[in-house]
Amino acid sequence: MSERDRGTEPAAEGEEGELSRPATERPPYVESTIIMTTVRVIAPFVLTLGAFVMLHGASSAGGGFQGGVIAATTVVMLGFAFGIEPIAAHLRNEHLALLVLVGLGTFLSIGLGGYLVGENFLQVSAYETLVHHGSKYSIELVEVGIGLVVSGVISGLFFLLGTGLDTARDATEPGTEEDR
């Protein structure tokens with residue numbers, strides 16, 4: 001394993017992964033009992049607020065984007081309180097990708113469902129013929145879909161920025177993980 005692979009040697013200018021931040025350059029993580037306890041208490045309420053804002057975006061202030069940002073704030077708070085790497089180890093890229101795909105699937109299902117009832121894409125008034133208050137529920141599902149996508153993307157960006165951009169280099173060189 002080379003010095004570059006261990007993250008102790010900085011990448012040369014113009015080389016892939018030059019924006020990465022090796023572990024040796026990061027400031028040490030310092031645990032704070034006050035911050036950890038506060039985040040443990042606050043995190044469930046922030047996540048609940050995010051879900052509330054997502055669901056009530058159609059009838060009041062808020063919406064999918066705002067609720068998704070609030071929900072992703074929970075992940076950011078946990079990362080700052082307990083360290084980014086442990087949180088990233090529990091909430092892996094596959095989980096975030098699944099979150100984004102479920103949100104996108106929900107949005108597209110509601111949007112394309114308009115064609116099934118003989119209307120246009122995202123014409124939610126068409127759902128009134130199928131279900132009482134169908135347009136209201138379909139708008140809320142669209143907001144939830146948007147919120148899931150936003151929270152997944154923001155959490156992924158947080159982990160990417162917090163742990164460095166080495167994943168781009170690893171993704172272009174298949175098999176390098178096994179060589180280490």
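1. Among contacts in the protein chain between residues at least 6 apart in sequence, 59% join residues at least 24 apart; contact means heavy atoms within 4.5 Å. This is a predicted model, in which local features need pLDDT of at least 70 and side-chain atom pairs count only at pLDDT 80 or more, while totals for chains, interfaces and linings use all residues. Residues are numbered from 1 along each chain as its sequence is written, and side-chain values use heavy atoms, with hydrogens and water left out.

2. The protein chain has eight helices and zero strands, in the order α-α-α-α-α-α-α-α along the sequence. Helices (H or I, at least four residues) and strands (E, at least two) are DSSP runs, numbered from the N terminus. Of the 180 residues in the protein chain, 32% are buried. Buried means under 20% relative accessible area, exposed over 50%, and partly exposed in between (1.4 Å probe, protein chains only). The accessible surface of the protein chain is about 11100 Å², and carbon and sulfur atoms account for 66% of it; accessible areas come from the Shrake-Rupley method with a 1.4 Å probe, and for residues only the protein chains shown count as cover.

3. S155 belongs to helix α6 (residues 134-163). Its relative accessibility is 3%, so S155 counts as buried. Apart from neighbours within four places in sequence, S155 is in contact with A72, V75 and L96.

4. T48 sits in helix α2 (residues 33-55) and, because its relative accessibility is 54%, counts as exposed. A polar atom of the T48 side chain lies 2.7 Å from the backbone oxygen of P44. From T48 to I70 the separation is 22 residues in sequence and 9.2 Å in space, C-alpha to C-alpha.

5. Which residues form a nonpolar patch on the surface? They are L101, L104, L108, L112, Y115, F121 and L122, together with about 620 Å² of accessible area. Patches are made of residues with over 30% relative accessible area and no salt bridge, with like charges joined within 9 Å and nonpolar side chains (Val, Leu, Ile, Met, Phe, Trp, Tyr) within 5 Å. A salt bridge is a side-chain nitrogen of Lys or Arg within 4 Å of a carboxyl oxygen of Asp or Glu.

6. The structure holds four aromatic pairs. In one of them, the ring centres of Y115 and F121 are 6.4 Å apart and the planes are at 40 degrees, so the pair is tilted. Rings of Phe, Tyr and Trp (its six-membered ring) pair if their centres lie within 6.5 Å; planes under 30 degrees apart count as stacked, over 60 as edge-to-face and the rest as tilted. F121 counts as partly exposed at 33% relative accessibility. The pair of F158 and F159 is also tilted, because its ring centres are 5.7 Å apart and its planes are at 50 degrees. F158 and F159 are buried, and together with F80 they form one aromatic cluster.

7. Most residues other than glycine have a negative phi. L122, not a glycine, has a positive phi of about 60 degrees, and H133, also a residue other than glycine, has a positive phi near 60 degrees. L122 is in the loop between α5 and α6, and H133 is in the loop between α5 and α6. L122 counts as partly exposed at 31% relative accessibility; H133 counts as partly exposed at 38%.

Key. A polar contact is a pair of N or O atoms within 3.5 Å; within protein, one must be able to donate a hydrogen and the other to accept it, and residues adjacent in sequence count only if both atoms are side-chain atoms.
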